[in-house]
Amino acid sequence: MAEPVLFDTVTLLHFGAIARLDVLETRFGGRPEPRWTEAVFDELEACPGHPECTAALAARSWLGPPSSPGATDHDPIHRLHIGLNEGRRPPVDHFGEAESIYFADKANGLFVTDDNDAYTFAERRIGAGRVLDTIAVLRDSVAMGELTAGEALNLANGIRNYGRFLRRVHPSTLTAAYFQ
């Protein structure tokens with residue numbers, strides 16, 4: 001059985017911005033839950049009127065119920081939250097990432113994010129093979145025959161054209177060959 005996958009808000013917004021959350025559903029919808037956390041859900045609810053937030057929230061039919069921390073989860077999530085904020089107290093950013101990394105680790109699952117700092121932190125925390133970004137998802141979709149390389153390129157360019165940012169490790173100019 002495949003491992004669960006947990007999405008960060010940023011990645012859900014990327015695919016919501018181009019109205020292509022179906023790509024994530026096709027790639028990951030058959031995996032066991034959880035697929036998102038309460039903090040990610042709350043972040044999406046906090047941006048009403050934005051089409052990308054509305055689209056991401058509409059995907060709850062396949063994302064399933066958000067994973068909610070229990071009493072024993074709060075302290076380890078808080079420590080992750082502090083780590084993601086480089087020790088700043090109180091930590092102010094990356095709450096959705098902290099919860100997602102925690103639940104991905106707890107479920108021996110994958111974490112999908114396009115946040116540069118969270119990606120690097122998660123690789124150190126749960127392992128490089130368990131952290132993906134939008135480009136990795138698109139490459140996997142091409143490898144599995146769910147998209148062509150040209151379609152993946154168009155989706156990545158659409159995300160950028162919407163004003164959203166892919167991880168800075170990827171070149172500013174992409175080609176279809178980048179997805180093969």
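This report describes the fold, surface and disulfide of a predicted model.

Residues are numbered from 1 along each chain as its sequence is written. In this predicted model, local features need pLDDT of at least 70 and side-chain atom pairs count only at pLDDT 80 or more, while totals for chains, interfaces and linings use all residues; side-chain values use heavy atoms, with hydrogens and water left out.

The protein chain contains 10 helices and 3 strands, taken as DSSP runs (helices H or I, at least four residues; strands E, at least two) numbered from the N terminus. Read from the N terminus, the order of elements is β-α-α-α-α-α-α-α-β-α-β-α-α. The radius of gyration of the protein chain is 16 Å, close to the 16 Å that the globule rule gives for 180 residues, so the chain is as compact as a globular protein of that length. The radius is taken over C-alpha atoms, and the rule is 2.2 Å times the number of residues to the power 0.38. Along the principal axes, the C-alpha trace spans about 45 × 40 × 30 Å.

Of the 180 residues, 53% count as buried (under 20% relative accessible area, with exposed over 50% and partly exposed in between; 1.4 Å probe, protein chains only).

The model has 1 disulfide, defined as a pair of cysteine sulfur atoms within 2.5 Å. Cys-47 and Cys-53 form this link, with their sulfur atoms 1.6 Å apart. The link is left-handed, with -110° about the S-S bond. Both cysteines are listed below.

| Residue | Relative accessible area | State |
|---|---|---|
| Cys-47 | 16% | buried |
| Cys-53 | 3% | buried |
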